[in-house]
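Notebook open. Today I am looking up cores, ring pairs and charges over rings.

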Amino acid sequence: MSKVRLTIDGIEREVEAGQDLLSASLGLGVDVPHFCWHAALGSVGACRLCAVRVHDGAEDTTGRIEMACMTPVAEGQRVELADPEAYEMRARVIEWLMVNHPHDCAVCEEGGACHLQDMTVATGHHRRRYRFTKRTHRNQDLGPLLTHEMNRCIACYRCTRFYRGYAGGRDLDVFGAHDRVYFGRYEDGPLESPFAGNLAEVCPTGVFNDKGWSETYARKWDMAATPVICTGCSVGCNLFAAERDGRVRRVQNRYHGAINGHFICDRGRFGALHVTEDRLDAARVGGTAAPVAEATAAARAALAKGAVGLGSPRASLETNAALRHLVGAERFFAAVPEREARAVGRMAGWLATGRAASLKEMEQADAVLVLGADLTGVAPRAALALRQTARGAADALAAEKGVPAWLDNAARVAGEGRKTPIALVTPMPDALDDVATWALRRAPEEIAPLGRAVAAALRGEAADEEAAGIARALQGAERPLIVAGADGALVETAGALAEALGDGARLALFPPEANSLGLALTGAGGLEGAVAALEAGQARTAVIAEADLFERAEADLVERLFAAAETVVALDSAETETARRADIVLPVADWSEAAGTFVNHEGRAQRSFAAVPNGRPAGWRAIRDLCAEAPAWETLDDMLAAMAADLPQLAPARAAAPDAAHRLPLGQVARAPWRMSGRTAHDLAGRVPEGTPARDADAPLAFSMEGAHGTDAPPALSTGYAVPGLHSASAAPRVTDGPRGPLKAGDPGAFVLQGADAPAPETAPAPEDAPTGAGLIPLALDDPFAGDELFRRAARLADRCPAPVVALHPEDAAARGLAAGTPVAVAGAAPVALTLDADVPRGHVAASVGRVLPRGARAPVTVEAAS
């Protein structure tokens with residue numbers, strides 16, 4: 001990027017050309033007051049708070065008052081933030097915004113962490129002169145996730161610009177005019193978008209807030225925040241988990257330039273709070289509660305008879321590596337069907353070719369083919385990225401007309417509604433259909449052949465009109481992108497298409513769970529291998545680490561494992577069906593109680609740290625205690641070193657974050673903010689708590705306010721955005737602005753796919769991928785509010801999760817004598833009222849994943865009226 005030189009308040013600066021003056025100033029650490037501008041949403045000039053005096057050059061001695069967010073940087077520009085007229089204008093803007101604002105800072109959830117408060121202080125406004133009746137609004141019930149307090153609104157329009165323009169939602173809008181502007185729904189009811197929770201951070205005041213946090217409230221400065229990784233899908237979004245009194249109270253977005261940027265999905269924001277729901281409280285032996293030591297001894301005795309280990313795609317690398325060490329590499333398997341294990345392994349091979357696309361790179365693609373993946377249900381944050389991809393063509397047209405993309409409204413007009421060519425090939429109507437150029441419906445078994453037809457068209461062979469049109473769009477693109485999920489045939493097709501498109505093509509392959517790719521890199525085979533070893537008498541015990549088999553594989557296969565195993569040992573944090581059926585149960589830490597490393601969909605290993613002090617043992621620690629000779633794994637760093645020795649391909653994961661011995665000049669990084677007093681903040685009745693803060697042997701983080709804070713910490717250890725004068729989530733652009741690429745400042749993580757075997761192309765699925773037998777073929781219905789067996793336990797997310805669905809094509813239903821609303825049973829699952837849907841492909845049954853059928857269901861099933 002070219003540079004321009006300009007002067008701000010007498011200091012000469014150099015910034016990148018092509019950006020607006022506000023963004024450039026914030027990136028330099030010059031805090032220009034602002035409201036309506038947002039780093040991800042651009043500039044609209046709605047609030048008028050960023051007024052500055054701009055001189056065009058040395059000869060311009062008068063200058064003019066301009067809005068910094070609407071003014072491009074230019075060579076020789078002189079900017080005066082401290083100009084008296086600009087200062088006075090900013091103060092008057094704040095004053096008129098505060099005319100109708102309630103005097104409720106003391107009881108507002110945002111108090112002390114509010115962008116409006118920060119800007120009020122920054123502009124010098126301190127006395128109210130308005131003495132008349134304030135405008136008042138009626139608040140709405142927006143469902144279980146968000147509160148609504150419209151009287152705090154300052155009409156910055158951030159909420160609707162994000163919700164409608166960025167996230168594609170349609171049920172939140174602006175109503176009224178002049179001083180009666182209202183932001184809400186046309187009627188009370190839950191906001192439909194799976195990204196609505198971001199309104200709590202986008203809003204610069206207290207209009208929208210997390211409802212659960214509001215009801216179990218703690219001030220921001222009374223909570224300790226920890227950097228964690230979301231385990232709700234394979235994207236690996238970066239989060240802050242804010243804890244008080246041993247409980248995570250709130251989850252917020254933690255900026256990562258290559259992954260989640262400024263936004264996360266509601267599954268990650270609210271589903272992560274499942275830790276308070278249905279915990280596995282005690283160890284058990286034979287169905288009876290027992291001391292952990294007794295259960296551990298019983299498990300050791302069972303292991304002595306020979307055991308297989310089942311690693312989990314939601315468990316950390318460390319836990320899976322520990323289990324592999326416990327049972328031996330030849331007896332370590334994945335707790336998923338073989339077809340999924342193989343498909344994810346093939347993903348790793350294709351991504352190791354250097355084509356893996358981060359979400360940021362997805363947004364920059366200029367032609368996309370999505371093969372079968374329901375991104376909104378499987379990886380919601382990736383769906384949000386694809387919505388930004390769609391706008392790329394409009395931004396390019398606007399740029400040709402001289403309108404920069406950051407000038408948001410003008411760029412949308414100049415872009416004339418153009419869309420980046422996106423071909424969306426799915427079995428059912430998709431939430432992204434509105435941004436697709438081709439929204440094509442194909443039965444699951446017909447999607448790979450369509451992809452191969454596109455590949456044939458790329459080679460110049462004859463193809464039908466749709467395949468030829470998609471091929472032309474991909475071939476004419478500089479940055480084509482192919483997207484697929486964990487289906488073996490589609491992974492191969494996606495990889496072959498990317499190869500055919502050349503070096504500029506990228507792959508976005510989304511495995512089912514948070515650490516599916518990390519588990520695949522251990523080389524583990526599927527669940528069938530474990531069952532075969534047990535049935536052959538090669539082992540008598542099965543150890544299952546943090547996985548509910550009934551969620552991931554067909555019941556017949558799981559029942560075979562339980563029948564063949566003399567003893568089943570389950571380690572988990574929640575009462576899953578597998579834990580209920582196990583002979584020995586050992587409780588382990590949830591995501592909030594233990595540090596661990598996870599490999600996301602692009603092969604980036606990321607470190608998550610314990611948010612709650614003195615929690616339960618991490619899975620790998622519980623497994624260490626099961627070893628006949630306990631390994632010397634005292635800390636996470638010890639475990640990582642052992643993993644690197646046993647699994648050299650995972651050695652780069654050690655660099656995902658600094659080790660526990662890492663220190664800054666001020667010591668460890670503090671989880672608690674400066675404003676928390678170690679002697680009074682946790683004092684409920686004027687008494688000083690006994691003891692000292694808990695120590696974390698697995699992280700260079702302190703469970704106190706002592707140490708480094710804010711932007712002093714490395715990105716992987718960041719515990720908050722707060723900098724002097726800025727205390728809200730709106731401070732994020734101030735500390736994340738500037739150019740960055742993978743693994744530069746702001747983008748923590750370490751790539752681990754260098755050693756993965758590059759795949760030899762397979763042009764057709766293996767025989768076991770093709771379902772055989774009589775019955776209806778299962779068709780997975782994923783939902784962004786559902787999640788896995790743990791996230792569905794979060795009470796607030798469960799309130800947004802729709803009822804389980806079983807849907808048939810009307811003709812298939814009629815052939816079986818079934819009518820809409822009839823309670824039906826599918827493969828032994830609990831009865832569900834039947835839905836008739838002409839969009840369901842003939843010969844298939846569409847059913848909710850994990851609640852009606854396991855994710856791994858592939859064999860044809862029967863659908864019959866429940867007795």
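Before I start: I call a residue buried when its relative accessible area is under 20%, and exposed when that is over 50%, with partly exposed in between. I also keep in mind that this is a predicted model.

Entry, cores. I looked up the largest nonpolar core and got 98 residues. Leu 369, Leu 371, Ile 482 and Leu 509 have the most contacts inside it. I then followed Leu 509: leaving aside neighbours within four places in sequence, I find Leu 509 in contact with Met 347, Trp 350, Leu 351, Ala 484, Val 491, Ala 494 and His 601. Another core, of 76 residues, lies apart from the largest one, and Cys 153, Val 181, Tyr 182 and Leu 191 are among its members.

Entry, ring pairs. I get eight aromatic pairs in the structure. One of them joins Tyr 157 and Phe 183 edge-to-face, at 5.0 Å centre to centre and 85° between the planes. Tyr 157 is in the loop between β6 and α4 while Phe 183 is in strand β8, so this pair ties together parts 26 residues apart in sequence. Are the two buried or partly exposed? Phe 183 has 1% relative accessibility, so I log it as buried; Tyr 157, at 30%, is partly exposed.

Phe 550 belongs to helix α21 and Phe 562 to helix α22, so the pair ties together parts twelve residues apart in sequence. Phe 550 is buried at 19%, and Phe 562 is buried at 13%.

Entry, charges. I see Arg 250 over the face of Trp 213, 3.8 Å from the ring centre. The charged end of Arg 800 sits over the ring of Phe 785, 4.2 Å from its centre.

Terms used:
Residues are numbered from 1 along each chain as its sequence is written. This is a predicted model: local features need pLDDT of at least 70, side-chain atom pairs count only at pLDDT 80 or more; totals for chains, interfaces and linings use all residues. Side-chain values use heavy atoms; hydrogens and water are left out. A nonpolar core is a set of buried Ala, Val, Leu, Ile, Met, Phe, Trp, Tyr and Cys residues joined through side-chain atoms within 4.5 Å. Buried means under 20% relative accessible area, exposed over 50%, partly exposed in between (1.4 Å probe, protein chains only). Contact means heavy atoms within 4.5 Å. Rings of Phe, Tyr and Trp (its six-membered ring) pair if their centres lie within 6.5 Å; planes under 30 degrees apart count as stacked, over 60 as edge-to-face and the rest as tilted. Helices (H or I, at least four residues) and strands (E, at least two) are DSSP runs, numbered from the N terminus. A charge sits over a ring if NZ of Lys or CZ of Arg is within 6 Å of the ring centre and within 35 degrees of the ring normal.
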